[in-house]
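Please look over the sequence and the structure below before reading the notes that come after them.

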Amino acid sequence: MVRHYPSVPELVRAASQLAAHRPELSTLREVGVSRAGRPLHLLSVGRSPRAVLVVAGAHANEPAGGSTLLHLAERTLRDPRLRAAASWHFLLCADPDGASLHRTPAPRTLLEYHRNFFRPAGPEQPEWSPSVLPPDRLPPETRALTAVIDELRPYLQVSLHATDLGGSWVQLTKDIPGLAEPFAKSAAELHIPVETGASDAAGWLVSGPGVHVLPGPGARAAYPSLPEDARLTTWHRTHRYGGRTAIVEVPMWASDLVDDPAAHPAPVRAMRALARRLRRDARLVEEILADALPRLPHAEGPLLRAACWALALVPGLADDWGRLPPAGTSMAYIGSVDAFGRRLPLRSAAMLLRVLDAAGDRAAPRLERLVTQWSEAFAERFRARWVPLEDQVEHQSRTTVAAALHARVPGDDDRAGR
């Protein structure tokens, strides 16, 4: 039974043991270093020229992927059918620096999860940085990931992500016909709701419930104010070689409020109310930041940068929600936006609280009350229930294997560039 989310050193030790156990089938090697000099490790299993690349740890606050990656590596070592279909390559953690700052190995509540929360600013996220930075300013983690993609030319890349509270969904850069059925079956067996209106995929094409396909160039963005463009991330690097990418999201806490396909009775009014709350909550954090900042002359660092980055997204996003027609009108979509609107100021507050606590600043108790209140309200509103870690891992693993098998369609163009 998986009891906690492993740290990066624990991942590396486990991968080393796997590689040593079956050296004729597996290798572990360094493929780059982080900004702080931490190594990035790639575990490879199998010898097939057709490759699947699995990436964990792209977002520091989404730790389930590391456990899933180890589970998949063990499974491919045991199952010769998987190795016959493809060689499997596992990037243990795409952002080891970020992982060192977000450590909640076995959170029991959303509040405990946010006590040591960290999610980097957009330009510092290895998958997203190409969408907001010019090529000559990309972080070394991004360059290492793109170099691995260029070396392996995978027909499928799977990026393992997670949401704190909600349901499971899949994002695809190109459709994988047939994936929706095993994805939904796995979620149902494990009692994990399918997030049918995920705001992260607002306006995307739908291949099946909870399976979304990124629209092509020229499509209107659901939230025009957001600086990132998913079509410019490392997810699309595989397209150079006829491949595609699947992003598999699994919740830590589940909510049955995010899979209701029924029409919302007043979506425009609801979106405007959510926009007002988003602005109000962000202002509360900004007021505390403005008060404390003169007392924090040496506090510049990733936590403060990330908190300020998230706060800077709020005005434009609230405008998008209040002015534009909703990208979705289902109960599930409005619920997903509600969760996102709670998440953004809560994460900013949680990271700023860590800065103020470290400085012993007098504003910390006020901010701690906000983090506590918002975490508890978030859990109560969505009737959060913990998804056992072994179920998170099993669902991500099943979906990854299903994506790898269904992406290998005879006669398709996946072999381009080989």
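Predicted model: local features only at pLDDT ≥ 70, side-chain atom pairs only at ≥ 80, totals over all residues.

Residues are numbered from 1 along each chain as its sequence is written, and side-chain values use heavy atoms, with hydrogens and water left out. Helices (H or I, at least four residues) and strands (E, at least two) are DSSP runs, numbered from the N terminus. Buried means under 20% relative accessible area, exposed means over 50%, and partly exposed lies in between (1.4 Å probe, protein chains only).

**Salt bridges**

- The structure holds 27 salt bridges, a salt bridge being a side-chain nitrogen of Lys or Arg within 4 Å of a carboxyl oxygen of Asp or Glu.
- Side chains of opposite charge can pair when their charged atoms come close.
- Arginine 35 counts as partly exposed at 41% relative accessibility, whereas glutamate 141 counts as buried at 2%.
- Arg35 and Glu141 also belong to a network of salt bridges that links them with Glu124, Glu300 and Arg305.
- Aspartate 164 and arginine 347 form another salt bridge, in which the closest N and O atoms are 3.5 Å apart. Here too the pair links distant parts of the chain, since aspartate 164 is in strand S5 and arginine 347 is in helix H10 (residues 331-359), 183 residues apart.
- Aspartate 164 is buried, with a relative accessible area of 1%, and arginine 347 is buried as well, with 12%.
- Arginine 398 forms a salt bridge with glutamate 394, and their closest N and O atoms are 2.9 Å apart. Because these two residues are 4 residues apart in helix H12 (residues 389-406), they are separated by about one helical turn.
- Both partners are partly exposed, arginine 398 at 27% relative accessibility and glutamate 394 at 24%.

**Backbone angles**

- Most residues other than glycine have a negative phi.
- Arginine 153, although it is not a glycine, has a positive phi of about 50 degrees. Arginine 153 lies in the loop between helix H6 (140-152) and strand S5 (156-166), and is partly exposed at 33% relative accessible area.
- Arginine 383 likewise has a positive phi of about 50 degrees without being a glycine. Arginine 383 is found in the loop between helix H11 (364-381) and strand S10 (385-386), and is exposed, with a relative accessible area of 58%.

**Two further residues**

- Histidine 264 sits in the loop between strand S9 (244-254) and helix H8 (267-292), and counts as buried at 19% relative accessibility.
- The side chain of histidine 264 reaches the backbone nitrogen of alanine 266 at 3.0 Å.
- Leaving aside neighbours within four places in sequence, histidine 264 is in contact (heavy atoms within 4.5 Å) with Ala270, Thr329, Ser330, Met331 and Ile334.
- Proline 302 lies in helix H9 (residues 302-323), and is partly exposed, with a relative accessible area of 30%.
- With neighbours within four places in sequence again left aside, proline 302 is in contact with Leu101, Phe118 and Glu124.

Terms used. Polar contact = N/O pair within 3.5 Å; in protein donor to acceptor, adjacent residues only side chain to side chain.
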